[in-house]
Amino acid sequence: MAIASASPTELTKNVTLRIDGREVTVADGTTILEAAAQLGIEIPALCHDPRYDPVGVCRMCVVDVGARVYAAACVRPCEEGMEVSTKNAQLERQRSMLTELLLSDQPEPERDPKETTTGDNELLVLVRQYGLSRQDGLPQGQGRGIDDSNPVISVNHDACILCDRCVRACDDIQGNDVIGRSGKGYTTRIAFDLNDPMGESSCVTCGECVAACPTGALTNKPLHGVPIRPREELRQVESVCPYCGVGCALTFHVDDERHAIAFAEGRDQPGSKGRLCVKGRYGWDYARSPQRLTVPLIRRDDSYPKGPLSSDVKGDGRGQRKPGGLVDYDEVMPHFREATWEEALDLIATRLVAIRDEHGPGAIAGFGSAKCSNEEAYLFQKLIRAGFGTNNVDHCTRLCHASSVAALFEGIGSGAVSTTYGDIVNADVAILTGSNAAANHPVASSFFKQAQRRGTKLIVVDPRRERMAEHADIYCQIKPGTDVAFYNGIMHEIIERGLIDREFIAHRTTSYGELAKMVKQYPPERAGQICGVSPAVIREVARLWGEAEAGIVFWGMGISQHTTGTDNARCLIALCAITGNVGRAGTGLHPLRGQNNVQGASDVGLIPMFYPDYQPVDRPAVRERFEAAWGCSLDPQRGLTVTEIVASALTGGVRGMYMMGENPFLSDPNINKVRKALGALEFLAVQDIFLTETAEFADVVLPASSYLEKDGTYTNTDRRVQLGRKVLDPPGQARVDWEIVQDIANRVGLPMTYESPGEIFDELVSLMPNYTNLHYDNLGPTGKLYPNPDPEGSDGTVVLFEESFNTDDGLAHLVPAEWMPARELPNEEFPFVLNTGRLLEHWHTGSMTRRSFALDAIAPKAIVFLHPGDAERLGIADGDFARVTSRRGSIELEARISHRETAGSCFIPFHFREAAANLLTIDEIDPIGKIPEFKFCAVRIEPAEARTAVAADETRVGESART
């Protein structure tokens, strides 16, 4: 029987009241503070922030409602007929007295700033408002201490008024649960964990507490001698974060006198909502590094043959590196000479054209960067394709989500996310799989934690028990490399229980029968035997997912970075499709993108098999369209991927390369193989902001610009296209990347005359249907989601595929997957599984983050994380050095005992040159996505002191690597 739904007006009860003699009607449940704000009446408050649930502890906002006692306006709801007075003589006397009491405990400021880094010092604003001074107050109270243990945040307990805003910021917004209270009476103060110093606690230095503090008890420390000054003395620049794919909006406060950034803070945007992590708030100072490249460099004639020039990557984590850097400039720079821009650009063009003419276009390849803007990525791929005549162009997406994109295109016809990370608020159940979101996408993870606290069932699936597992309703610690078996078991149980969406399957999918036949072979008992999760838990996950009205799946590189990565993603697509969890609010598929512009770089064609907007290069009609647009003939064959280009260089196929912002020497698997490939190139041009390990093999090095030094657009994991704005000038002779690419294009016979990023953006939009209607002028301060039929009146499309998918027939193509073991399994000689990934504080090869004061201070060294039982059996204690050896190499680094690891596995971050994890990793690739197996290879672990016993084996491993 159909039930008539109530209208919004029937569901919402309104109340009418008078505030300071003015009538206002508000929704039932609205607080007096909120109602007053609608009238433009300001009521002072110190403990209140609209982003947090009100608590009413400061009592500064009390108002007269005609009752026996005053009411706190931030918590008292409005009532019908209520008469409210917000300002009278008695109220003002009470507020003045409260301010005077709070002032009495405040420390004497070194200066009298009108503002602090957290916003207006709200207590001092009230002090001035009531005409108070310290002489008017009581004697200053006994000090409670200063905590300077954190490298970038200062804690002054004497300035704290116990408003609990920092507590709520940490708990309710970021979901980190670090800050509370300790002590009693006058000795009460905010506390980190069990009253630890902030720098020794579990604090992740996101700075949310600094942004929340109203008094200056929590403040940013000056970086590099640039003082924190009042905002009106600084220049504000609105931009976006350069790190992960979340693409948080931030504001830089710039000291033009010192040509430097004083501090950064989050700003409102529909996705990030003003939040930042440690990298976004404190990780921007790498741009000021004295190691920035400032002039073009050409290799000296006596520095051939090429090879690594600084202390070799031997994998000894005990080795000392130069302060503030990775590559030893003192060793490397003598092998290069300074050159003019004209000489360097002419040499690049001449040598690459000569190689192309002699060996054919296929002898040229280019690596672009997901750190660069959409405009720079677009021009770079256009240069390689139209200037050199080859599709051999790729970037780090090949090492990130290439297998996810391959499965998504095959299954639903689009490589982009089907909904935003914020849409989790509408989900009944969310699966977070193969993702250490708290470290890799920390701001997105804060929304996941909030959703779980509000009732969304959160299921976390990962071999490592990372921080998000602590917030999960169900945590499944699967064995490494068993994702297909686990999800086949889930789908088996969903089908067995009849929890599938039969109508969705019938009208919007194909090949369900083949899928059902495959997963029938994976009852929970068999799936559990393979993946290590009990059949009961598999059944419970299936029940929760199958019974949910709305379910969404988020995944990271724990799904994609396998030789079975495409199959892993196929399972997730099928899981959503058979339950109808695509195309509605709170449903969908979201691969959390790694780099800040990996989505945008892929969108604009920085991949070998697609032109911009994922239009296939081997489709004649598509190719003809781009030939007409670019005015030249184009290669009809798909190009080589990152891993294939490295292999081709070893066999004399690819002979000349142009790399913009990539460092494959550390980022690619099997470094020994990459080293040999780079050394085999006839010519290599590297364009970067620092002298990287890859640049040591270059013939020409060009000084590029960081994202802080240029304008451009960036597309985040949500499909949000945002403007990044210039904050500082490039150092020395360093130039903006798109201008460098344009100058090379003109020298190789591809005319380019662009005058601004906006002009390039207009061209790429004209060739990309999904970006239709977007312009520089309508992106605004918060950007726009694509597709967007009305950018002037809409933020864009949140949920895709409401009616049909982007496949040729409009249906989701279900592809069954059989579980297959990893290519290299543990054995008696190499009994452990190595998993690699990122730390919260660092990024990829560390060229940026290891030159950031805060990030390097918090996480300065390479570490191998070991299960306690494994460590005890190996005789390795926490802090000892361990030797980790694979069939390809060996490294030594400090061991940390970790309850997060699966027994028989270890985890090594890949940011550290001195203990390069990719010396160990295998270069086997997924046959579809061509992505390497970063998440699984066999290793041996032993105490580092055991040198004699392994000397012969080390020699054998080295010889094997060289072979």
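Student: Which side chain does Asp 357 meet in a salt bridge?

Tutor: The partner of Asp 357 is Arg 356, at 3.2 Å from N to O. Keep in mind as we go that this is a predicted model.

Student: Got it. Is Asp 357 buried or exposed?

Tutor: Asp 357 is exposed, since its relative accessible area is 56% and the cut-off for exposed is over 50%.

Student: And Arg 356, buried or exposed?

Tutor: Arg 356 counts as buried, because its relative accessibility is 19% and buried means under 20%.

Student: How many salt bridges does the structure hold?

Tutor: There are 54 of them. One joins the side chains of Arg 900 and Glu 466, at 3.9 Å from N to O.

Student: Are they buried or exposed?

Tutor: Arg 900 is buried, with 15% relative accessible area. Glu 466 counts as buried as well, at 14%.

Student: What about Glu 696, which residue does it form a salt bridge with?

Tutor: With Arg 913, and their closest N and O atoms are 3.3 Å apart. This pair also links distant parts of the chain, 217 residues apart. Glu 696 lies in the loop between strands E29 (683–688) and E30 (700–703), while Arg 913 lies in the loop between E39 and strand E40 (937–943).

Student: How buried are they?

Tutor: Glu 696 has a relative accessible area of 1%, so it is buried. Arg 913 is buried too, at 7%.

Student: Which residues do salt bridges with shared partners join into one network?

Tutor: Asp 49, Arg 51, Glu 122, Arg 165 and Glu 208.

Student: How does E15 pair with E14?

Tutor: Strand E14 (residues 249–255) pairs with E15 in the antiparallel sense, over six bridges. Asp 255 stands opposite Ala 260, which is in E15.

Student: What's between the two strands of that hairpin?

Tutor: Four residues, and in this hairpin His 259 takes a positive phi near 55°.

Student: Where do the side chains of a regular strand point, in general?

Tutor: In a regular strand they alternate between the two faces of the sheet.

Student: What is the strand order in the open sheet of three strands?

Tutor: The order is E31-E32-E33, with antiparallel pairing. Strands E31 (712–715) and E33 (784–785) are at the edges, each pairing on one side only. Strand E32 (residues 720–724) and E33 are joined by two bridges, and Arg 720 stands opposite Leu 785 in E33.

Student: Last one, the surface. Which residues form the negative patch?

Tutor: Glu 755, Glu 759, Asp 762, Asp 777, Asp 790 and Glu 792. Asp 762 is found in helix H27 (residues 757–766).

Notes:
Residues numbered from 1 in each chain as written. Predicted model: local features only at pLDDT ≥ 70, side-chain atom pairs only at ≥ 80, totals over all residues. Heavy atoms only, no water. Patch = residues over 30% accessible without salt bridge, like charges linked within 9 Å, V, L, I, M, F, W, Y side chains within 5 Å. Areas by Shrake-Rupley, 256 points an atom, 1.4 Å probe, with all protein chains shown as cover. Salt bridge = Lys/Arg side-chain N within 4 Å of Asp/Glu carboxyl O. Lys, Arg positive; Asp, Glu negative; His and termini not counted. Charge placed at Lys NZ, Arg CZ, Asp CG, Glu CD. Pairing = 2+ DSSP bridges. Buried < 20%, exposed > 50% of the residue type's maximum accessible area, 1.4 Å probe, protein only.
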